[in-house]
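Please keep the sequence and the structure in view while reading.

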Amino acid sequence: MRLDQSLYLNQSHRWVLSSFQSVAVKEIKDLLAKLPGKHCSLDPAPTWLVKKAAADLAPVLCLMCNASLQSGKLPASQKHAIVLPRLKKPTLDQADLNSYRPISNLSFVSKLVERVVANRYVEHAEQNYVFPARQSAYRHHHSTETAVVSLVNDLIRAVDDGKVSALVPLDLSSAFDTVDHGSLLTVLHDRFAVTGPALNWFRSYLSRRTQTFIVGGAESQTISMDCSVPQGSVLGPLEFISYTDEVSEIFSHAVNYHLFADDKQLSKSDTV
């Protein structure tokens, strides 16, 4: 199911996400209870302490989140990341830089606001069926198991029909680094019906981001991010699958497919 683009600009239409619903103190408390105890060097207090003092801090955090949502801005202080290298697999060569992925450590408050926005964005996308049906990553009730079952089902049905199948797995290298901010904002507006203050918030979230790399105790200069979404963020994965959403329409014209984040499995079946 796809939305007609003419509907996107109609602010009164139920499919348009023009603003984010305000967050309540109870929602903040629920999020704090579910958050892992990890914290970043950018945080003024450890996460375990924030969680322990949730009753006192939740109203303050609620006001901070709502101020960001209503203004359509994320403060510059919450757009800096400490980037640390992490081995993709324990068996990989530690001397090879390609064995690592850059994980962005973000402040506790920034990730809390991201979770609030992510909940509202996913609800909008799921209710209006704008995520590809065959994208199994970063979505409720979808997983690697969903992707495997779908792919195997397509292949077994082809065998039952007496057909031979060709399978082509595709993997985008450094996937999150390929996201162009301007193109992503266009996708959010044109394909996901995000407008007004909500789109302004995404624009603010993406603009003027900075990061510092730390390797072996050595720290780099602050670097500006003109593209990409941070690995380790809450919204980054959702933004990526939104950014690559259009490939599903391209594939659907010629082949069977299933998507899992940046992994794409294409198959074509025919009689011998």
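This is a predicted model: local features need pLDDT of at least 70, side-chain atom pairs count only at pLDDT 80 or more; totals for chains, interfaces and linings use all residues.

Asp 30 is partly exposed, with a relative accessible area of 35%, whereas Lys 26 is exposed at 59%.

## Salt bridges across the chain

Another joins Arg 139 to Glu 126, with 3.3 Å between the closest N and O atoms. This pair links distant parts of the chain, since Arg 139 lies in the loop between α5 and α6 while Glu 126 lies in helix α5, 13 residues apart. Arg 139 counts as buried at 11% relative accessibility, and Glu 126 is partly exposed at 25%.

The side chains of Arg 191 and Glu 249 also meet in a salt bridge, at 3.4 Å from N to O. Because Arg 191 sits in the loop between α7 (181-190) and α8 (196-206) and Glu 249 in helix α10 (residues 247-252), the pair ties together parts that are 58 residues apart in sequence. Salt bridges with shared partners join Arg 191, Asp 245 and Glu 249 into one network.

## The surroundings of Ser 136

Ser 136 is found in the loop between α5 (108-127) and α6 (144-160), and this serine is buried, with a relative accessible area of 0%. Its side chain makes a polar contact of 2.6 Å with the side chain of His 258. Leaving aside residues up to four places away in sequence, Ser 136 touches several residues, among them His 142, Thr 146, Ala 147, Leu 259 and Phe 260.

## Aromatic rings

The structure holds ten aromatic pairs. Phe 251 and Tyr 257 form a tilted pair, with 6.0 Å from centre to centre and 50° between the planes. Both partners are buried, Phe 251 at 14% relative accessibility and Tyr 257 at 12%.

One aromatic cluster is formed by Phe 20, Tyr 121, Phe 131, Phe 192, Trp 201, Phe 202 and Tyr 205. Over the face of Tyr 205 lies Arg 209, at 4.5 Å from the ring centre.

Technical notes. Residues are numbered from 1 along each chain as its sequence is written. Side-chain values use heavy atoms; hydrogens and water are left out. Rings of Phe, Tyr and Trp (its six-membered ring) pair if their centres lie within 6.5 Å; planes under 30 degrees apart count as stacked, over 60 as edge-to-face and the rest as tilted. Buried means under 20% relative accessible area, exposed over 50%, partly exposed in between (1.4 Å probe, protein chains only). A charge sits over a ring if NZ of Lys or CZ of Arg is within 6 Å of the ring centre and within 35 degrees of the ring normal. Helices (H or I, at least four residues) and strands (E, at least two) are DSSP runs, numbered from the N terminus. A polar contact is a pair of N or O atoms within 3.5 Å; within protein, one must be able to donate a hydrogen and the other to accept it, and residues adjacent in sequence count only if both atoms are side-chain atoms. Contact means heavy atoms within 4.5 Å. A salt bridge is a side-chain nitrogen of Lys or Arg within 4 Å of a carboxyl oxygen of Asp or Glu.
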